[in-house]
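Hi,

Here is the structure I promised to pass on.

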Amino acid sequence: MSIDLTRSAAFSAGFIEWLRGKSPILIVTHDHPDPDALATAYALRHLILMKTGQSAVIAFDGMIGRSENRAMVRELEIETVALGTLDLDEFAVVCMVDAQPGTGNTSLPATCRVDLVIDHHPLREATGACRWVDVRPEYGAAASILFEYLLAHDLIIATRLATSLFYAIKSETQSLGREWGPADRDAYRSLLPLCNNRILYRITHPSLPQGYFARVNTALESARIYDDALIFDLGEVDQPEIVAEMADFLLRAEGVETVLGMAECDGEGVLSLRTSDFSVNAGVLIQQVVAGAGSAGGHNLVAGGQLPGFPAAPAGRAALKAGLVQRFLAALGKEALPPRPLLPE
Ligand SMILES: [Mn+2]
């Protein structure tokens, strides 16, 4: 173990003492939470319960769409509630994990006070107004931060908790292949022997609905390649996570280094950006693509964005999408290139 737990020990001891006796407690993740968001919330609830005896509610807006993530919640029995069903004024403490207040990927109203933020995305200025802030952009997964808190408090990490944290780090960093740091590697190695392998296998190999294969088909058929950049469009989808999943998939196409995926979900545009080119910063590039028409953010190699109020009329949609494509290609210096399809015509 090479990690220094000093920071984690001091920070977690501080907020635990602060929230002792304050209840009820809310833990919010970003909308449509991924394994990292879910495991971080789950571990934070466990930490608070073990240290103070107080329970907390985990809530988010949107849905868990991806089959692997649904299997994770089912297999590990992670209890959550819909954010929209809660009276936010009732909560004495509001915690946010794997996200920061005011970002486009959380539906928590901007007027709602957030007391504690634990995240690994680049620090936002507004987050500085929160009472407790532990933001570590050098970490591949927020779950690795929670692992350190549990370790610092000498808590036993039982099978289900270990499996959820391990799966979070595994999926978020693609098994320590992307955007990981030394802390993620330490957590991953420490958690592996504590996991239930059969549960892990059921999470990573869920059965997939027919609609999933239809999305794969749309992604492949719509994919257009401009030199080493690929763009695909899923059209209307019922869950936004599929865009990121297909972006990861298509990034594996030979010769492709950067992928932009788009779709519409519930009247909102959904963007996902992936790159394996270290001279491209996905988080910066997606801001240029969105260009004020929505919100976006991300890390060096992975980013996402939302465009609220996606035009309902076909012509409006086409114009908006053409603008996104044009700005993406221009930012990469590829706007003059003719596209070629991924699949032979
Ligand atoms: Mn995360």
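Let me start with the contacts: among those in the protein chain between residues at least 6 apart in sequence, 64% join residues at least 24 apart. Two residues count as in contact if their C-beta atoms, placed from the backbone, lie within 7 Å.

Two bits of housekeeping before the rest. This is a predicted model, in which local features need pLDDT of at least 70 and side-chain atom pairs count only at pLDDT 80 or more, while totals for chains, interfaces and linings use all residues. Residues are numbered from 1 along each chain as its sequence is written.

Overall picture

The protein chain has eleven helices and 13 strands; these are DSSP runs numbered from the N terminus, with helices being H or I of at least four residues and strands being E of at least two. The radius of gyration of the protein chain is 20 Å, close to the 20 Å that the globule rule gives for 345 residues, so the chain is as compact as a globular protein of that length. (That radius is taken over C-alpha atoms, and the rule is 2.2 Å times the number of residues to the power 0.38.) Along the principal axes, the C-alpha atoms fill a box of roughly 60 × 40 × 40 Å. Buried residues make up 46% of the 345 residues. Here, buried stands for 20 or more other C-beta atoms within 10 Å of a residue's own, exposed for 12 or fewer, and partly exposed for in between, with C-beta atoms placed from the backbone.

Domains

The domain assignment gives domain 1 (6-204) and domain 2 (212-341); such bounds come from an automatic or database domain assignment. Taken over C-alpha atoms, the centres of domain 1 and domain 2 are 28 Å apart. Twelve residues from domain 1 and 16 residues from domain 2 make the contact. On the domain 1 side, the residues touching domain 2 split into two nonpolar, seven polar and three charged. For those classes, Ala, Val, Leu, Ile, Met, Phe, Trp, Tyr, Cys and Pro are nonpolar, Asp, Glu, Lys and Arg are charged, and the others, Gly among them, are polar.

Sheet and hairpin

There is an open sheet of six strands with parallel pairing, in the order S3-S2-S1-S4-S5-S6. Strand S3 (81-82) and strand S6 (132-135) are at the edges with a single partner strand each, so one side of each is left without a neighbour in the sheet. Strands pair if DSSP finds at least two bridges between them. Strand S1 (residues 25-28) and strand S2 (residues 56-60) run parallel, joined by four bridges, and Val 28 stands opposite Ala 59 in S2.

Elsewhere, strand S11 (residues 295-298) pairs with strand S12 (residues 302-307) in the antiparallel sense over four bridges. A hairpin of three residues joins S11 to S12, and Ser 295 has Gln 306 in S12 as its bridge partner.

Cores

Which residues touch the most other members of the largest nonpolar core? They are Cys 95 and Leu 165, out of 58 residues in that core. Helix H2 (residues 35-52) gives the most to this core, with nine residues. Not counting residues up to four places away in sequence, Cys 95 touches Ile 25, Leu 26, Ile 27, Val 28, Leu 44, Asp 115 and Leu 116. Another core, of 40 residues, lies apart from it and includes Leu 250, Val 256, Val 290 and Leu 301. A nonpolar core here is a set of buried Ala, Val, Leu, Ile, Met, Phe, Trp, Tyr and Cys residues joined through C-beta atoms within 7 Å.

Helix H9 (residues 241-250) is mostly covered, with eight of its ten residues buried; among them are Glu 241, Glu 245 and Leu 250. The buried residues of H9 pack against helix H8 (210-222), strands S8 (229-236), S9 (258-265) and S10 (268-275), and S12.

Ser 23 and Pro 24 are joined by a cis peptide bond, with omega about 0°; Pro 24 lies in the loop between helix H1 (6-19) and S1. Asp 154 is not a glycine, yet has a positive phi of about 60°. Asp 154 sits in the loop between helix H4 (142-152) and helix H5 (159-172) and is exposed, with 6 other C-beta atoms within 10 Å. Leu 176, also not a glycine, has a positive phi of about 60°. Leu 176 is in the loop between H5 and helix H6 (182-191) and counts as partly exposed, with 17 C-beta neighbours inside 10 Å.

Cheers
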